[in-house]
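User: I'd like to go through the labels on this one and see what each of them rests on. Can you take me through it?

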Amino acid sequence: MCIRDRFKGIGASQIYYDLAKADLYSTVSKTVLSVQKTFYGVLFLKESLEITKASFENLKLNLKDTKALYNEGIVSEFDLLTVEVFVENMRPVVLDMENKLKTAKDGLKLVLGVDQQEEIDVTGNFTYQQYDISNEEGLIDEALKSNYDLRTLELKKQVDEAFVELDVSEYWPNIAVFGQYAYNGSSDNWKFNTYSSATIGLSFSINLWQGNRTSNAVQQSTITYQQTEEQVKQLKEYTLLNVKSKIQDLKTVQSIIDVQNKNVDVAERSYQIAKVRYKEGVGSQLELQSADLALKQARLNRIQSMYSYLTTQYE
């Protein structure tokens, strides 16, 4: 047996085992993140559709009221035609949102491994819970430790280093231990004369010249090791920049979510006022439609911010 190769093999097998585990954890982590982002993407489109439908219902109610006012001679035909145009313009928007939601659900079924013929739905709502991002250094350390791609590369670097050492060891002499034990006997009358023998030895060999094969192997394995080392460095730098960027994104969203909640309240109040003013004949149809559009946009902006906050937090 070659003692050098045996010890190197034992060490490399453990590293390969750790490498396989890290690769598995990396795959699981990516799958979980993909499911989370896809799920919240479906939920975002579902709530966006509900907001769009609510605006569509407002338009249809407005059309109904405008027809009543027109029949009473309170508003002009121009106002009636304007509302009808708004209603018909909103109809394809609702249909488009429904198609986008269906496509997103199909994507979720694909991620979950659900048959495309089955019907699925998601339940839940976006709730804002502030994530503590005050300890930036701690978040960076946590991201580096939980980055399984980085862990995989670091283990691969250990494997590459082991191969470099193994190739370098070809310059060293080989020591091999061998042994044999024999037990023999023979007889014509079942009275055996037995004897035993044992042999043990130690062999020593050294490669004097291999046509630069060892040198070339060492050079190639060293290059592979250096490439992996550079990949580890680049991934660490990328992770660092990505975490800092995500932290800044979270700070930005945190600063506007509270404002957007107030903005939705203001937009709802503004729409109700515009609705009353129009019924009383002191407001215009344009004023009412502008208030409805502002309300819809305020609600969509709030949902978009919460969706971005959640997905950024998971990333």
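**What the labels rest on**

User: Why is D160 called buried?

Analyst: D160 has 8% relative accessibility, and buried means under 20% relative accessible area, with exposed over 50% and partly exposed in between (1.4 Å probe, protein chains only), so D160 counts as buried. A word on the source: this is a predicted model, where local features need pLDDT of at least 70, side-chain atom pairs count only at pLDDT 80 or more, and totals for chains, interfaces and linings use all residues. Residues are numbered from 1 along each chain as its sequence is written, and side-chain values use heavy atoms, leaving out hydrogens and water.

User: What is D160 in contact with, leaving aside neighbours within four places in sequence?

Analyst: T224, Y225 and T228; contact means heavy atoms within 4.5 Å. D160 itself is found in helix α4, residues 148-168 (helices are DSSP runs of H or I, at least four residues; strands are runs of E, at least two; both are numbered from the N terminus).

User: What makes N147 a cap for α4?

Analyst: A side-chain oxygen of N147 lies 3.1 Å from the backbone nitrogen of D149, at the N-terminal end of α4. A polar contact is a pair of N or O atoms within 3.5 Å; within protein, one must be able to donate a hydrogen and the other to accept it, and residues adjacent in sequence count only if both atoms are side-chain atoms.

User: Why is V32 called partly exposed?

Analyst: V32 comes out at 43% relative accessibility, so it counts as partly exposed. V32 lies in helix α1.

User: And Q285, why is that buried or exposed?

Analyst: Q285 is buried, because its relative accessible area is 2%. Its place is in helix α6, residues 285-314.

User: Which side chains make polar contacts with the side chain of Q285?

Analyst: N62 does, at 2.5 Å, and Q289 does too, at 2.6 Å. Leaving aside neighbours within four places in sequence, Q285 is in contact with N62, T66, D79, T82, V83 and Y278.
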